[in-house]
Amino acid sequence: MKAKAKAHSNIALIKYWGKRSALLNLPAVGSISLTLDSLHTITTVEFIKNLKSDYLILNKKPADERETKRVSSFLNIIRRKADLSLHAEVNSINNFPTAAGLASSASAFAALALAASSAAGLDLSPGELSVLARRGSGSAARSVFGGFVEMKMGKKDDGSDALACQIAAKDYWDLRVLIAVTSQDKKKTGSTDGMTLSKDTSPYYQNWLKTSFDDLKEMRDAIKKRDFQKLGELSEYNCLKMHALALSSRPGLLYWNAVTVEVMRHIKFLRGQGCPVYFTIDAGPQVKAICQPEDVEKIANELEHIRGVQKVIHTSLGNGAELIGDNR
Ligand code: DP6
């Protein structure tokens, strides 16, 4: 009743922001992402007899009550499916700082979904695993797959068609992402609360939903044609549109700091100099620069020299979630 799994983080080129159901965590829009090789979570789950409650160890320390509760509710879904009543010990390690505002919930819930479902004796298909991971965190549904991934918003009330699928494997197109870390502070408003606020208060919300279909279609097309300029321009456009939605909420959600803005400006400047690089930013202050292998060194060097950039993480595209080690 024990299993260990590894899953990578991902960065959305077309963003998920807004839910059509909070209860089942159903997204109000589809999204498209790149799975990132350098950022991963490894999680071990063991269901143990006589354990009084679930016990979560996060990056070698006992987790706080809020985190343990979120994991426990997720395990309840698996226990119901597997007709199991045992509690579990969960040990989860990220190879990147959790507080750095790098999407840890994506790799965390993808790894947890795979490890916990296997430990409980469930043999889920990748699609079923994606539906399950989505209950933990919407972006986690995408981390089940590697390379280029699309999350479908789905239409059904039970969420069975709100799942991700692979558009293309990582070897299809060698893209690189450079992550400029500008702050290690924990963000004040998490994605879940931010989305609720935008849905309830932003006057732009309906247009965000309406225009998402075209963005998804264009991005699929850019990937199909391996059209880097189109992929980059669309990523920046969709990212800025999501942040405009966040900014237009009441009270406004500003996820950037001064260095974030400086990095965005510098990426535009480099482009003006003929260097093909584009940015995207999630609900946090880090900037992800999307580029091609031949330009990595030059761009990384430029970003590292911007005042206030703490470090630059390099990554190529990664694989989907997988079981590792000796699973019993
Ligand atoms: C800005 O997946 O963290 O990164 O489903 O509420 O856990 P919950 O939200 P989460 O939101 C991710 C938001 C985003 C965009 C994206 O990854 O698509």
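1. Buried means under 20% relative accessible area, exposed over 50%, and partly exposed in between, with a 1.4 Å probe and protein chains only. At 9%, Tyr255 counts as buried. Trp17 is buried too, at 2%.

2. This is a predicted model: local features need pLDDT of at least 70, side-chain atom pairs count only at pLDDT 80 or more, and totals for chains, interfaces and linings use all residues. Residues are numbered from 1 along each chain as its sequence is written, and side-chain values use heavy atoms, with hydrogens and water left out.

3. The structure holds five aromatic pairs. Rings of Phe, Tyr and Trp (its six-membered ring) pair if their centres lie within 6.5 Å; planes under 30 degrees apart are stacked, over 60 edge-to-face, and the rest tilted. Trp17 and Tyr255 make an edge-to-face pair, with 6.2 Å between centres and 80° between planes. Trp17 is in the loop between strand S1 (2-14) and strand S2 (19-21), and Tyr255 in the loop between helix H7 (228-247) and helix H8 (258-272), so the pair ties together parts 238 residues apart in sequence. Helices (H or I, at least four residues) and strands (E, at least two) are DSSP runs, numbered from the N terminus.

4. Phe148 and Tyr172 are also edge-to-face: 6.0 Å centre to centre, 85° between the planes. Phe148 is buried at 0%. Tyr172 is partly exposed at 26%. Ring pairs join Phe148, Tyr172 and Trp173 into a cluster.
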